[in-house]
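Reader: Please take a close look at a single part of this model and describe how its side chains are placed. A plain account will do.

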Amino acid sequence: MDLFEIINQPTTEEFKRLYHGRGEKTYPFLTIDSIDETLFIQFYEKVDEKPFLEIFKKAPEKYKNIIVKRRYLMDNGKCKMENGVFTLRGIIPDNAVAIENGMKFKLNFYNQNIGYFGDTKNARSYVEKISKDKKILNLFAYTCGFSLFARRGGAKYIANVDMNKSVLAIGLTNHRINSLEIKNISFLPYNILKSFNKLKKQAPYDIIIIDPPTFQKGSFIASKDYTKIIKKLHQLSYKNTTLLGCINSPKFSEEAFIKKVEENSNFKFEKRINPPEEYKNSTLKSIIFKLF
């Protein structure tokens with residue numbers, strides 16, 4: 001499929017990744033997303049953009065906005081330069097949302113990560129299905145996507161934990177724009193590695209979700225810190241607790257990740273959750289473990 005065919009795929013108002021170049025040979029530096037009336041293009045490397053931009057300018061009229069981001073110009077999560085994010089058509093909307101299975105996620109196109117990760121869609125659907133009447137611990141909650149679906153699934157208590165107060169604030173906004181009740185939902189700005197005593201106050205949890213960044217300067221390095229968390233999970237669990245462990249890094253094979261969890265805890269592999277088909281080259285692993 002060439003780029004013109006890619007941007008002319010049928011879409012709905014729901015978020016759809018039209019092209020995931022990460023891991024591809026053709027355009028490994030490129031991703032293209034359909035976000036309702038916005039076509040969102042990201043360049044991860046500096047290349048000759050002109051022939052690409054000429055094609056994108058011919059996108060269907062349904063896209064009122066065509067936004068281009070140069071991810072390689074990002075610094076500390078923000079645009080380093082004024083031309084890091086620009087439009088080929090329309091505007092960069094302030095009130096944009098990504099819609100997933102009817103749920104809205106508030107977006108900010110100027111941030112390195114806009115507030116939504118489509119590759120964990122299937123994992124969120126799984127959490128919704130198993131959440132009724134459950135107590136849930138959502139570690140590295142980011143903008144609280146798992147919490148949205150857990151609450152819609154009937155969870156009785158959710159603790160969203162992330163040391164970044166600003167993303168938790170967006171998470172709270174996400175609950176409100178979806179008209180979700182926030183009673184018995186906590187938004188806790190904790191450094192997870194230093195906060196197990198605080199988290200034990202609501203333990204044990206029926207479901208624990210760990211979806212960390214691969215690298216967060218000064219706070220978390222997955223290659224060494226993931227194990228530290230796994231070793232402490234028994235403090236927050238009871239028999240039959242479900243663990244959803246996620247990691248998005250080419251440095252972790254699925255086999256190595258499962259082995260790491262099983263060797264450092266009493267959790268055992270139960271099943272894998274594959275990302276949506278359009279992310280077939282994604283390095284994301286979403287694995288369900290059960291405590292026995």
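Author: Contact here means heavy atoms within 4.5 Å. The model is predicted.

In helix α7, residues 222-232, the buried positions are A222, D225, Y226, T227, I229 and I230. These buried residues pack against several elements, among them β13 (207-210), β16 (242-248) and α8 (254-263).

D206 sits in the loop between α6 and β13. D206 is buried but has no salt bridge; K156, the nearest side chain of opposite charge, is 5.4 Å away. The side chain of D206 does make a polar contact of 2.5 Å with that of Y238. Beyond neighbours within four places in sequence, the contacts of D206 include D133, K134, N240 and T242.

Turning to the rings, the structure holds 13 aromatic pairs. Y27 and F52 are edge-to-face, because their ring centres are 5.5 Å apart and their planes stand at 85°. Y27 belongs to the loop between β1 and β2 and F52 to helix α2, so this pair ties together parts 25 residues apart in sequence. Y27 is partly exposed, at 22% relative accessible area, whereas F52 counts as buried at 11%. F105 and Y116 also form an edge-to-face pair, with 4.9 Å between centres and 70° between planes. F105 is in strand β9 and Y116 in the loop between β9 and α3, 11 residues apart; both F105 and Y116 are buried.

Ring pairs also join Y19, Y27, F29, F43 and F52 into a cluster. Elsewhere, R22 lies over the face of Y44, 4.0 Å from the ring centre.

Notes: Residues are numbered from 1 along each chain as its sequence is written. This is a predicted model: local features need pLDDT of at least 70, side-chain atom pairs count only at pLDDT 80 or more; totals for chains, interfaces and linings use all residues. Side-chain values use heavy atoms; hydrogens and water are left out. Buried means under 20% relative accessible area, exposed over 50%, partly exposed in between (1.4 Å probe, protein chains only). Helices (H or I, at least four residues) and strands (E, at least two) are DSSP runs, numbered from the N terminus. Lys and Arg count as positive and Asp and Glu as negative; His and the chain ends are not counted. A salt bridge is a side-chain nitrogen of Lys or Arg within 4 Å of a carboxyl oxygen of Asp or Glu. A polar contact is a pair of N or O atoms within 3.5 Å; within protein, one must be able to donate a hydrogen and the other to accept it, and residues adjacent in sequence count only if both atoms are side-chain atoms. Rings of Phe, Tyr and Trp (its six-membered ring) pair if their centres lie within 6.5 Å; planes under 30 degrees apart count as stacked, over 60 as edge-to-face and the rest as tilted. A charge sits over a ring if NZ of Lys or CZ of Arg is within 6 Å of the ring centre and within 35 degrees of the ring normal.
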